[in-house]
Amino acid sequence: MAQNRSTTQALYLNHQVRDIDYTAIHRLPAHLRIDGYALMCRAGLAAFKQLRQHWPTCQSLLVFTGPGNNGGDAWVVAKLAHQAGISVQVIFISAPTSQSCIQAAADYHAAGGTSKAVDFQMLDQDLAKADCLVDGLLGSGFSGVLRGDYPQLIQMINAANKPLLALDIPSGLNGDNGVASASTIVADLTISFIAATLGLFTADASHFTGKVIVEDLQLPAQAFLAHVPVGHLLDSQLPKSLIQPRHGNSYKNHHGHLLLAGGSQNMGGAILLAATAAAKTGAGLVSSLVNDNYCPAFTAAHPGIMFAGWKSADLQLMLNKANALVIGPGMGQSSQAQQLVSALIDNDLPKVIDADALNLLASQAALTDKLQKNAPLVITPHPGEAARLLNISTIEVQSDRLSAVKLLQQKFGGVAVLKGAGSLIYDGQQLWCCPFGNPGMAVAGMGDLLAGIIGSFLAQGHSALNSACLGVLIHAQAGDIAADAGQIGLQAVDLLPSLRGLVNPTC
């Protein structure tokens, strides 16, 4: 297990959260059950507290409600804001239909609040008067295509560019897969009720959710018992629990020898990035197989890393000395590269397969057959590579990242890391999702760094799952540190200075 589940955020699918909600209201023993409207009031109160905490100067609030329970939560927020002396206007896209929503709307009006149906001719004026907005249009159960007035309303809300709190999930975002519809609310803050869904943290989600807060509404633990989470979020404290201080009498061979292979002609930078990242994250020895012409220049650039040529190296000798492999960064897909991959994968060393080595696996079935699935293995495809490995489209991968990462693991064994926003890690039993990272990291070389970091942890003796989790987390955190100076123009080398500090969590 990568880390103690009790200290991490559990992730569920929409139907599970709905069933937990239903269980708390209807199935628990009488002394534990919670009235549905009382639960809605808890949600509204939690949301209102977050609203006041994040925007304490808000004096004018515009609340958008739908007909269901998500809209009911918004009516409760509106009532509490009105009672607190904030100027509130509720705009509903359709009249309440769920019983709890009807009651919430009635309570808001009984408290003296005002509301009106959406009027697109007046909406720009209403938006201009508001300090803050609340999205209670659609809950996490939404899927499919937005119809009716929803697309136009959401587009106008987003165009107003006002601070916005989304209840449960930004309207238009799929809570299971994180795929956004053509019109999706862009929130600054999202408060998720009862439990978080996977779709809040992967695929398109990060662009729309803003900061995510999960409020369990004090549901009894018994309400959750029938549901195993689909996964968990990686926690920033993971390095502290897995990376131990070094023994005073240690030496380089105690900390693993990582062998990397790649760096074909015109693509030498990839292997240099991967090897440097491996050294920065603790591998005691780092060796790299590269194009023979690069060896002198690379040795001069990084004398702490050993470089050998594809043609001139004694491959078996190097394999005998290695504790783990990274295969693929800058490798190319030439016949020589194919021969090298074939020679490297047919052994029981722990290994990371990345980049062109993955593309060769996708195109050469014989290579996949040679892969020893009982050896510790981490594959690290981006969505395009995953599509080639699974013989589907990139759109299909991104529309259901959970299924894609599971199919990758089933096909190749070991641990599959599906890179991208909200990277997913799956070992056949446990799923982990990374909530860190940023769009500035969508540049060349980032995947090479990740492969080197994961390989470093494999060489140091960590399991494939823990190596993948540590690697993905530390890589993403380094990206966030580098993005402090701005996301645009961020380069892979900008992550290198932060790596050493991140693998020394007690310093």
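Q: What makes a residue of this predicted model buried?
A: Buried means under 20% relative accessible area, exposed means over 50%, and partly exposed lies in between, with a 1.4 Å probe and protein chains only. The model is predicted, and local features need pLDDT of at least 70, side-chain atom pairs count only at pLDDT 80 or more, and totals for chains, interfaces and linings use all residues. Residues are numbered from 1 along each chain as its sequence is written, and side-chain values use heavy atoms, with hydrogens and water left out.

Q: Why is α3 called largely enclosed by the rest of the structure?
A: Of the 15 residues of α3, 12 are buried, so the helix is largely enclosed. Among them are Trp-75, Val-76 and Leu-80. A helix here is a DSSP run of H or I with at least four residues, a strand is a run of E with at least two, and both are numbered from the N terminus.

Q: How do you know that the span of α3 is close to the expected one?
A: The expected span is 1.5 Å times one less than the number of residues. Helix α3 reaches 21 Å from its first C-alpha to its last, close to the 21 Å expected.

Q: What makes β5 and β6 a pair?
A: Two strands pair if DSSP finds at least two bridges between them. Strands β5 (residues 132–136) and β6 (residues 164–167) have three bridges, in the parallel sense, and Val-134 stands opposite Leu-165 in β6.

Q: Why is one side of β4 and of β9 left without a neighbour in the sheet?
A: The open sheet has the order β4-β3-β2-β5-β6-β7-β9. Both β4 (115–117) and β9 (211–215) stand at the edges, each with a single partner strand, so one side of each has no neighbour in the sheet.
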